[in-house]
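Good morning, and thank you for coming. Please look at the structure on the screen while I speak about helix packing and then about strand pairing.

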Amino acid sequence: MKYRSTLAAWLSELDGSRLARILAMRKDAASSPEPRSVGELADRLQRPGSVALVLPQLTLPCLQAAEALAALGARATRDSLAELLGSTSPAAVHALDATLEALSDRALVWHDGNEALRMPTPLRQAWSTPLGLDAPLEELLAGTASEELRGMLAVLGIKPPSTKQQRLAALVEHHSDTERVAALVAQAPAATRKLLEQSGGSMPRQSLFVVFGAPGRDLQPGARWALDRGLLLQDRHRYGPVRMPVEVALVLRGPDWHAPFEPLPPVTQLAPITSSEVEREAAAAATAFAAHAASVLSACATAPPTRLKSGGVGARELARLGKAAQADDAVVRIALETAYAAGLLARDGDRVPPTEAYDAWAEQEPAEQLAVLLRAWRDLPLTPTRARDEDGKALPALAGAPDCGGCLQARHGLLTAAAGLPAGQGVKVASELGPLVAWHRPLADDASPQDTTPFSTVIREGELLGVLARGALSPLGAHLAAHADEELDITARRLLPPATTTARIGADLTAVVTGTPSARLATLLDSMADRETSGTASVWRFSAGSIRRALDAGRTPDDITADLAAGSATALPQPLTYLIADTARGHGRVRIAPAACVIHGDEPALLAELAAHRALSKLSLRQLAPTVLVSGSPPATTLAALRAAGYAPVSETARGTVRIEKSLPQRAAAVPPPRRNVGRRGPRATTTRASDMPTDTGMDVLADRLLKAPPTAPEPDPFGSGVPFATDTEEIVAGYAKHLSYSDVRQVAHAIDTGGAITVEYIAASGNRTVRTLSDLDLDPPYLDAWCHLREAERVFTLSRIHGVMPA
């Protein structure tokens, strides 16, 4: 059989259907344009970024098998992998084969001609110490001198060959024999055996001892015996942690030790359900969410939410939208995030108004509206209903936080886990889906720290949207998981009733709409009544204030009556017609006109002349009474214009008395004597002024004094002086951190370039002001990745929210 050690060679022997399957499973790595050859496809599949995108999509057994293969290295075969994982029974072997097939479908594992299992280099490097095991003996001894190998072989009682490669091969052959290594460890002194057992069970980076200096110095008891026989190794420079080859570690862990391998998902408590029950509950939830989402976006169209200075829609605006739509916070957040992702909302300055696409969306049926939001929810790179951060502080919506790949995988894992439940069965408690999500997506992010059970936030989102019902995946969720958009639209139209175009208006001045009101009906009732409830049935209430609001918008009483009659399933009740007539009768009896100042006098003819004067038309004069005019210009402008036209007006005070215009003489204030060192820092800063020089000083003396003067170069100020930035990092930081002075920008850039630490004053996404000490800064505009000493964890900071910098 032809030896296949490379991915390209393996791919070249696959048929077209298998290659198409790999491309379908690895859309992230083999994106358009299509690869022109097998070699190009293999190159794409082996890129480190490709593996980083695929790993979060793997199930728990796939990750466990891949880590075990990385630990075995070049010695990996199907049999050795099965032995390491303890999968020797027929059922376990079948599960392992299925796992290897799943990895093979993603081109992560393949067989070569000698039945060895190969894997791409980036995948093998994904674990620095797979299973807590160090590298093989051959790799650890690569830099060892030939004389040292001869010494190890001599101590082991093996005649050393003549060349270094032969000596290395002999030592590797000896340590690969499990019985020989076990016998050698049994002969070791008690202190050495204890040391080997401790090191064999720990990860190499947690090694219990470190060697510094020459051999024999600073060694723990028993270490020298193990080092002489190659059971432990130290690097060629005689310093650093002592390392244990994987062959020795596996012998010390014993024949009963096996790497973790869970080929089957966790067992959950199931209950029988029928498809009609699932569809009925999913339809109710989806209908309620569609109605609430339409109400939330309608409220955004009426009064776009205002963004916080730190970014995002804060708790106050969320509460306002929730009150207007009669929806809770979770529904409002999902509606905003999905609408923004679908292009129905957009940031515009300090507000988030609807886009033109919203107008077309609002005219669609509820099923079509829901399908748009469901597809956006499936691909959201965040958890929309997460309302608190790790510190328990409120988080705004639409904050523009960095993408969370783990949050996306949690949602996909939920759909996959629910789709894998037996037909006609659902979990008794929805929270039991959490362990299943963790099995299907081990690297998913359980984003909300307030969750009492794993992934309870994303599970609750699925129930609100009608994706989950009765502990099982609904037809909507099944089409969503399969990316079957056409089937999703068809099922949504089947489950959700069409929009209601009429309301039942009662004598108690309420309008009740069952189901989801149409966009026209909702707009009509919102303009003339106040919404009280929303969901499967929506209720509006008419009042004098709501009717007055419609009259203020320019509607006449007849228009209001006619429009309500057209949208009512029955004749308008008499109390409503009386309310409209009574409100209209008192509407406009008092009027308010804008005016910057008032002109009045005792001669009606003179004021009429002023109102008709062409030269005064720019004042926008309007006659309210024979002796009263109002002007659209301020008093000073009006006074000057009348005087320029040849009139002699006088101004009045607020109390009606004549204002006396008297000009006081202006005098300059006493000028203080000039100060030295203005604008310079430090007690030793000095300047040389012309007054300090003798009047008879020659050019040579002046030049000598200037050369001997201390340097007083001005500090750079690229914000106004035009002096260029010192580094590119300073320019990038200054472009995003608008609140920082140039000295603060220099401190941040210096910490980034040198790896130092700084203390910053930071405005969190919740709007709270905190002081954080940061180190290990990594610039990723407009964000700053750093180690937060306050939280003892890595955090992502937005440069625009840094308002001050201090030394650490």
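Helix axes are lines fitted to C-alpha atoms over the stretch in contact, and angles run from 0 to 180 degrees between N-to-C directions. Helices (H or I, at least four residues) and strands (E, at least two) are DSSP runs, numbered from the N terminus. The model is predicted: local features need pLDDT of at least 70 and side-chain atom pairs count only at pLDDT 80 or more, while totals for chains, interfaces and linings use all residues. Residues are numbered from 1 along each chain as its sequence is written, and side-chain values use heavy atoms, with hydrogens and water left out.

At what angle do helix H20 and helix H25 pack? Helix H20 (residues 366-378) packs against helix H25 (residues 485-495) at about 135°, and their axes lie 9 Å apart. That angle makes H20 oblique to H25; angles under 35 degrees count as roughly parallel, over 145 as roughly antiparallel, 65 to 115 as roughly perpendicular and the rest as oblique.

In the contact, where heavy atoms lie within 4.5 Å, the residues of H20 include Ala367, Leu374 and Arg378, and those of H25 include Asp485, Leu488 and Arg493.

I turn now to the strands. Two strands pair if DSSP finds at least two bridges between them. Strand S16 (residues 758-763) pairs with strand S17 (residues 769-780) in the antiparallel sense over 6 bridges, and Tyr762 has Thr770 in S17 as its bridge partner. S16 and S17 form a hairpin with 5 residues between them, and Gly767 in the turn has a positive phi of about 95°.

S17 is also joined by 5 bridges to strand S18 (residues 783-788), and these two run antiparallel. Here Asp780 stands opposite Tyr783 in S18, and the hairpin of S17 and S18 has 2 residues between the strands.
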